[in-house]
Amino acid sequence: MIAIPKSLEITTTHTEQSRPIAEQRIWLENISWQTFERLLEDIGDRRSTLFHYINGNLEIMSPMALHERSNRFIDDLIRVLSDELEIDLCKCGSLLMRIPELKIGAEPDSCYYIQNEPKIRNQNVITMEQDPPPDLVLEVDITNPSDRRLPIYAQLQVPEIWIYNGYSLDFLGLENGEYRKIEHSLSFPNLPAATVVEFVQKRFELGDRQTLKEFRQWVSDNLKKS
């Protein structure tokens with residue numbers, strides 16, 4: 001199992017007691033891989049829950065309104081970044097990523113192919129054993145931290161994770177099998193995490209449309225090459 005370094009602490013300025021309820025989670029232990037696969041098959045794709053599996057442990061997460069609003073809006077910001085910076089992007093949402101040989105599986109809130117977008121551009125089915133992992137995974141964890149999921153993404157070799165906890169955003173980069181905080185995004189160099197948070201919060205005052213318009217202008221003024 002890939003360990004989470006003790007130095008990696010997801011930033012928070014609020015106590016767990018003050019966090020709003022944005023996700024409902026169930027944590028199950030001693031679940032076989034065969035049971036996990038049968039569960040996926042029986043429930044199918046038409047469900048609101050997301051699954052993460054490693055070492056016989058299964059996490060089932062059901063997002064609520066605050067979680068989904070944050071997820072969708074950050075997803076919109078990422079689309080603006082790709083448009084303004086003219087970066088090809090494939091949005092794969094909660095893509096089921098699993099490797100039966102390693103007995104690991106994950107469904108992120110959102111994920112994106114950026115550097116590897118040309119490799120999967122014409123594919124209708126993405127298989128982790130054959131295809132590269134997403135270049136970027138977004139996890140929104142407002143009620144509970146997502147530390148348990150990091151070893152899964154590390155084994156999947158996802159190079160970058162964004163974790164938004166409702167108050168702050170951390171960029172994590174994969175280095176020697178462990179995730180470490182990085183100052184700027186690997187996928188969008190020179191983008192500060194604090195700026196993303198600023199616009200995520202600004203939408204409560206201005207609304208989504210106006211906030212996205214202002215973010216587009218900020219990207220044009222600060223990140224676009226002359």
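This is a predicted model: local features need pLDDT of at least 70, side-chain atom pairs count only at pLDDT 80 or more; totals for chains, interfaces and linings use all residues.

Me: What makes strand 9 largely enclosed by the rest of the structure?

Reply: Buried means under 20% relative accessible area. Five of the five residues of strand 9 (residues 160–164) are buried, so the strand counts as largely enclosed.

Me: Why are strand 8 and strand 9 called paired?

Reply: Pairing needs at least two bridges. Strand 8 (residues 136–140) and strand 9 have four bridges, so they pair. The two run parallel. Glu 139 has Ile 163 of strand 9 as its bridge partner.

Me: How do you know that strand 9 and strand 10 pair, and in which sense?

Reply: Five bridges join strand 9 to strand 10 (residues 169–175), against the at least two required, so they pair. The sense is antiparallel. Ile 161 has Leu 172 of strand 10 as its bridge partner. The two strands form a hairpin with four residues between them. In the turn, Gly 166 has a positive phi of about 95°.

Me: Which residues lie nearest the centre of the largest pocket?

Reply: Asp 45, Ser 94, Leu 95, Leu 96 and Glu 107 do, out of 30 lining residues. The pocket's volume is about 670 Å³.

Me: What makes a residue count as part of the lining?

Reply: A lining residue has an atom within 4 Å of a pocket point. Helix 2 gives the most to the lining of the largest pocket, with four residues. The lining divides into 10 nonpolar, eight polar and 12 charged residues.

Methods: Residues are numbered from 1 along each chain as its sequence is written. Side-chain values use heavy atoms; hydrogens and water are left out. On a 1 Å grid over the protein atoms alone, a cavity is a set of points where a 1.4 Å probe fits but cannot get out, and a pocket is an open set with protein on both sides within 12 Å along at least five of seven lines; lining residues have an atom within 4 Å of a point. Grid points are joined across faces, edges and corners, and a volume is the space filled by probe spheres set on the points. Ala, Val, Leu, Ile, Met, Phe, Trp, Tyr, Cys and Pro count as nonpolar, Asp, Glu, Lys and Arg as charged, and the others, Gly among them, as polar. Buried means under 20% relative accessible area, exposed over 50%, partly exposed in between (1.4 Å probe, protein chains only).
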